[in-house]
Amino acid sequence: MPHFEDDQQGDSKVLTKTKTRTKLARPRLYKVLLHNDDFTPREFVVVVLQHVFHLTESDASRLMLYVHKNGVGVVGLYPFSIAETKVAEVGSLAQQAEVPLLCTIEPDTGDGDGEGGDGGDDRDDGGDVN
Ligand code: TYC
């Protein structure tokens, strides 16, 4: 809103006030997908899910079985840098153990296409460092 004010000399000046509203975009999230293969031992997958994604043993077993049956499953949703780190951790553990366990990243479209196993809300606000 322009605002008129007289200065000392009686001249009129236009003062403008600018309000800055900073809108913070929600960080874009990425799905970390776990892929099935025929060689990686089930127990290894469960341990990796517990270690890298901090899943409980029962959640890790459930997800491992979901992926075993369906071919692929969403482990979680994370900001890119965290997703990337987790994929690298899984890759490095798989390489050390000489198994073909594969984890990949995909942008989250928010369409809830059901790759997730538990049918719950997969959203993670990125607030933790799981
Ligand atoms: N299909 C593997 C087996 O029968 C187990 C497995 C589950 C491997 C999930 C990878 O992401 C995976 N040993």
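## The sheet

Three strands make up an open sheet, ordered β4-β3-β5, with antiparallel pairing. The edges are held by β4 and β5 (102-107), each with a single partner strand, so one side of each has no neighbour in the sheet. From one strand to the next, the twist averages 30 degrees. This is a predicted model.

The pairing of β3 with β4 is antiparallel and runs over seven bridges. Here Lys31 stands opposite Leu77 in β4. The pairing of β3 with β5 is also antiparallel, over six bridges. In β5, Pro107 stands opposite Tyr30.

Strand β4 spans residues 72-79. Six of its eight residues are buried, so the strand is largely enclosed by the rest of the structure.

## Overall layout

The protein has three helices and five strands. Along the sequence, these elements follow the pattern β-β-β-α-α-β-α-β.

The protein has 130 residues, and 25% of them count as buried. Take the contacts between residues at least 6 apart in sequence: 68% of these join residues at least 24 apart.

## Helix against sheet

Helix α2 lies across β3 and β4. Its direction is about 125 degrees to β4. The helix covers residues 57-70, while β3 covers 29-35.

## Helix against helix

Two packed helices are described by the angle between their axes and the distance between the axes. For α1 and helix α3 (residues 80-97), the axes come within 10 Å. They cross at roughly 145 degrees. The crossing of α1 past α3 is right-handed.

Which residues of α1 and α3 meet? From α1 come Phe44, Val48, Val52 and Phe53. From α3 come Lys86, Glu89, Val90, Leu93 and Ala97. By class, the residues of this contact divide into seven nonpolar, no polar and two charged.

Ile82 lies in helix α3. Is Ile82 buried or exposed? With 20 other C-beta atoms within 10 Å, Ile82 is buried. The cut-off for a buried residue is 20 or more such atoms.

Ile82 and Leu29 are 53 residues apart in sequence. In space, their C-alpha atoms are 9.8 Å apart.

## Around the ligand

The ligand is surrounded by 13 residues. The closest are Leu34, Thr40, Val45, Val67 and His68.

Which element gives the largest share of the shell? That is α2, with three residues. By class, the shell divides into six nonpolar, four polar and three charged residues.

Strand β3 pairs with β4 and with β5. Helix α1 meets α3, and α2 lies across β3 and β4.

Technical notes:
Residues numbered from 1 in each chain as written. Predicted model: local features only at pLDDT ≥ 70, side-chain atom pairs only at ≥ 80, totals over all residues. Near = placed C-beta within 6 Å. Helix = DSSP H or I, 4+ residues; strand = E, 2+ residues; numbered from the N terminus. Nonpolar A, V, L, I, M, F, W, Y, C, P; charged D, E, K, R; others polar. Buried ≥ 20, exposed ≤ 12 C-beta atoms within 10 Å, placed from the backbone. Pairing = 2+ DSSP bridges. Axes fitted to C-alpha atoms, helices over the stretch in contact; angles between N-to-C directions. Contact = placed C-beta atoms within 7 Å. Left-handed = near helix turned anticlockwise from the far one by under 90°.
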